[in-house]
Amino acid sequence: MDPDVFLSLLGEAKRLLESADTGELELLHQWPRDPEPALQSPQNLPVLAWLDSILADTPDTAWAFVDNLVAHSNELYWGQTYQTDDFGAAFLQRYGWCKFAGPGSPLADSALACGVLLLGPETEYPSHSHAAEEIYLPLSGQAEFYREDNGWKAKAPLIPVHNPPWIRHAIKTGDTPLLVLYLWSGDGLDRKSTIG
Ligand SMILES: [Fe+2]
């Protein structure tokens, strides 16, 4: 990938997070300054098949970022944290992420982790928790987000979701795929979530 394309994606991600209506985004104070990405070899996943339909369901504010992401998706490294034993084989066909900053990403030294999560339609990302504080910013698709103290809530694109450290949370998509920006800050940026 052209480093300028990566930096453009990173800048658009930051702009979207900054424009989100949330009081939690002091997390962004740790955003990488003068980033010099060490770009990774691309890796595709089955879930990328859903990217083609995502633009039709993306609001104008997020369109430039999502269009750029879709156009260059085959040049990025898409990964999965879980294995078949965690949530089953069908989940792995409909789940994947691309990390822009944080451990194991092109900006590995970053004090926060940021990337996108893509889920196919009719998919449940089961309950899990982690030490990091998290913001999800949905960019496309309709989905319900669970938080153990709040139950299931439907969230439209650009309505942020805040998950404090170690709170159990989950996501359930409907008949459209879901693309969200995620931002992690705090401890355990390189640790797998605890399931359950
Ligand atoms: Fe999470």
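Modeller: The four donor atoms around the iron ion subtend angles of 53 to 137°, so their arrangement is irregular. For reference, ideal angles are 109.5 degrees for four tetrahedral donors.

This is a predicted model, in which local features need pLDDT of at least 70 and side-chain atom pairs pLDDT 80 or more, while totals for chains, interfaces and linings use all residues. Residues are numbered from 1 along each chain as its sequence is written, and side-chain values use heavy atoms, with hydrogens and water left out.

H130 (NE2), E134 (OE), E134 (OE) and H169 (NE2) coordinate the iron ion at 2.2 to 2.5 Å. Donors here are N, O and S atoms within 2.8 Å of the metal (3.2 Å for Na, K and Ca); water is not among the atoms, so sites may look incomplete. Along the chain, the donors are spaced as H-x3-E-x34-H. H130 and E134 are both buried (under 20% relative accessible area; exposed is over 50%, partly exposed in between, with a 1.4 Å probe and protein chains only).

The charged end of K172 sits over the ring of W152, 4.2 Å from its centre (NZ of Lys or CZ of Arg within 6 Å of the ring centre and within 35 degrees of the ring normal).

Technical notes. Four donors count as tetrahedral if all angles lie between 85 and 135 degrees; four count as square planar and six as octahedral if opposite donors are over 155 degrees apart and all others between 65 and 115; anything else is irregular.
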